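Trainee: I'm new to this one and would like a close look at a single part. Could you walk me through it?

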Amino acid sequence: MTSDDHPTLDASAPWLEVDALLDDPRTRIVVCCGSGGVGKTTTAAALGVRAAERGRKVVVLTIDPARRLAQSMGISELDNVPRRVKGVDETAGGELHAMMLDMKRTFDEIVEGHADAERARAILENPFYQSLSAGFAGTQEYMAMEKLGQLRAGDEWDLIVVDTPPSRSALDFLDAPKRLGSFLDGKFIRVLMAPAKVGGRAGMKFLNVGMSMMTGTLSKLMGGQLLRDVQTFVAAMDTMFGGFRTRADATYRLLQAPGTAFLVVAAPERDALREAAYFVERLAAEQMPLAGLVLNRVHGSGAAQLSAERALAAAEALTEDLPARTPDDDAPNSPSHEADSASVENTENLGTDGIMDLSGGKTASRNPGGHSPAAAAHAASPSAPAAQLAAGLLRLHAERMQVLARERRTRDRFTALHPEVPVAEVAALPGDVHDLAGLRAIGDRLALCPGTADDRAGD
């Protein structure tokens, strides 16, 4: 696709006004969510660049382990601390910072911030904690919310753009903080804490009486040492459990606040838009503010007025009267090859319309070497290769128009189900985004008004 290929939104679909969203000082958090592989990271980074160059102090938080965001922003490495992005136009007074969630480091910071030095060391060195903080189900999503809460509480940033974790289900991002908070503050943990709270022989007696069957089962499933590690971890974390639930609830309320805007990112494909529709419904059920849908990598055409059917018909008309070629025709010394050479050399017989003038002239009047009538006819048709090329291009255009039609039908099914959801369509770029210029191009497409799409098609 060229830069002139801009998709055009159906007039029935409300337009997502991206610049108005980014410029609004009341917008403090933008969350890019959706299924995996639809361009959430690129969209988040492009929004960050555009908002910063329009005058806002922005931090982009990515949870994507592929590190594409760092590469596209020219940063050698991202970590748990916001890093200033160089090369951003700051004439409007904005700044851009970027960071990548370090899940374990964020968990460590929570421990260090809510426990004294001795207790923190005991927790950080505990084998169960090390496993929990490195890869327990839901930990990444929970820590993303913890980091978002920290960034928002500091009130240092005009705008926080969040790239949600890549996951198989779009619901993980919303559910995981509650799941982990419930686990860390749940009955199972409280039961494990009971022996440590009672202490000494009384504690062991309680454990033996009240948990004999449970302990035996857990020992078989987890192993005796792991169970002891869990109990030691729970005892050390006793003073912190209430804080996990409290912070999870606070962050959840932050996501529901008017200053937050969710953008569901999807590709113009059936499965991706089905997932997007499910996410839209879930956000509505959770009363979370949805700004709109970003439909990424949409194909377009600078000749959309030529339908696939007309293009295929024109290709057929161009090729149906061409003389058939045989393998011998392509041999260097074949009559047709010589005729091709002769016709190329005698360009003075071309008419103003680019078609050979057969009313007279060297090519029409001579038949070198007494070539066969078929060879002479081929020599008299120097436009055949051009016709074949044109037919091939028409067929490619027809394929493109069929892709456009399929994408439009898929999008229309989504808008029929959710006519209230504003949509921004982002034209596909010819290559991958790997620098700030590419992110700016994505930002331009994000903010492209549907009314200007056709105007730019001829630029």
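Trainee: Let's take Asp 108: is Asp 108 buried or exposed, and why do we call it that?

Mentor: Keep in mind as we go that this is a predicted model. Asp 108 has a relative accessible area of 9%, and buried means under 20%, so Asp 108 counts as buried. You'll find Asp 108 in helix H4, which covers residues 103-114. Setting aside residues up to four places away in sequence, Asp 108 touches Leu 124 and Tyr 129.

For contrast, hop over to Leu 396, which sits in helix H19 (residues 384-417). Its relative accessible area is 52%, and exposed means over 50%, so Leu 396 is exposed. Together with Leu 389 and Leu 393, Leu 396 makes a nonpolar surface patch of about 320 Å².

The largest nonpolar core has 91 residues, and Met 73, Leu 96 and Leu 293 touch the most other members. Leaving out neighbours within four places in sequence, Leu 293 has contacts including Leu 16, Val 264, Phe 414 and Pro 422. There's also a second, separate core of eight residues, with Ala 308, Ala 398, Met 401 and Leu 404 among them.

Leu 293 also contacts Leu 273 and Ala 276, and both of these are among the buried residues of H14. Helix H14 runs over residues 270-285 and reaches 23 Å from its first C-alpha to its last, close to the 22 Å expected. After H14 comes Gln 287, with a positive phi near 60°.

Conventions
Residues numbered from 1 in each chain as written. Predicted model: local features only at pLDDT ≥ 70, side-chain atom pairs only at ≥ 80, totals over all residues. Heavy atoms only, no water. Helix = DSSP H or I, 4+ residues; strand = E, 2+ residues; numbered from the N terminus. Buried < 20%, exposed > 50% of the residue type's maximum accessible area, 1.4 Å probe, protein only. Contact = heavy atoms within 4.5 Å. Patch = residues over 30% accessible without salt bridge, like charges linked within 9 Å, V, L, I, M, F, W, Y side chains within 5 Å. Areas by Shrake-Rupley, 256 points an atom, 1.4 Å probe, with all protein chains shown as cover. Salt bridge = Lys/Arg side-chain N within 4 Å of Asp/Glu carboxyl O. Expected span 1.5 Å × (residues − 1). Core = buried A, V, L, I, M, F, W, Y, C linked by side-chain atoms within 4.5 Å.
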